[in-house]
Amino acid sequence: MSITNEKKQELIKEYGLTPGDTGSPEVQIAIWTYRINALIEHFNTHQKDLHSRLGLMKMVSRRRHLLDHLKSKSESRYQDLIKRLDLRK
């Protein structure tokens with residue numbers, strides 16, 4: 001599922017370290033999380049869409065790699081981000 005430009009700018013403003021920050025792991029993880037959640041909603045009505053399910057698995061894997069990178073660089077930023085995004089139950 002695609003993400004609108006307005007929503008992406010909102011996520012950048014909320015999770016960016018500086019104004020216009022698009023490259024920090026926090027921003028990238030927030031964008032991936034938004035896209036993953038939108039795709040999960042898609043599966044509530046289209047259970048047999050296996051092609052999109054493969055894309056979902058790739059997105060989750062990319063987000064996992066970014067989370068691992070952030071955790072190795074800064075544990076406190078990692079903990080703060082997973083609380084803000086409500087990733088760990």
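Quick housekeeping. This is a predicted model, where local features need pLDDT of at least 70, side-chain atom pairs count only at pLDDT 80 or more, and totals for chains, interfaces and linings use all residues. Residues are numbered from 1 along each chain as its sequence is written, and side-chain values use heavy atoms, leaving out hydrogens and water.

Okay, salt bridges. Side chains of opposite charge can pair when their charged atoms come close. We count one when a side-chain nitrogen of Lys or Arg is within 4 Å of a carboxyl oxygen of Asp or Glu. Searching the whole structure turns up four of them.

Back to Lys-7: its side chain forms a salt bridge with Glu-10, 3.1 Å from N to O. Both sit in helix H1 (residues 5-15), three residues apart, about one turn. Helices here are DSSP runs (H or I, at least four residues), numbered from the N terminus. Glu-10 is partly exposed too, at 43%.

Next, Arg-64 and Asp-68 pair up at 2.9 Å, N to O. They're four residues apart in helix H3 (residues 50-73), again about one helical turn. Arg-64 is partly exposed at 32%, and Asp-68 is partly exposed at 38%.

Now Glu-26 and Arg-77, bridged at 2.6 Å, N to O. Glu-26 is in helix H2 (residues 25-45) and Arg-77 in helix H4 (residues 75-85), so this pair ties together parts 51 residues apart in sequence. Glu-26 is buried at 5%, while Arg-77 is partly exposed at 31%.

Definitions and conventions. Helix = DSSP H or I, 4+ residues; strand = E, 2+ residues; numbered from the N terminus. Buried < 20%, exposed > 50% of the residue type's maximum accessible area, 1.4 Å probe, protein only.
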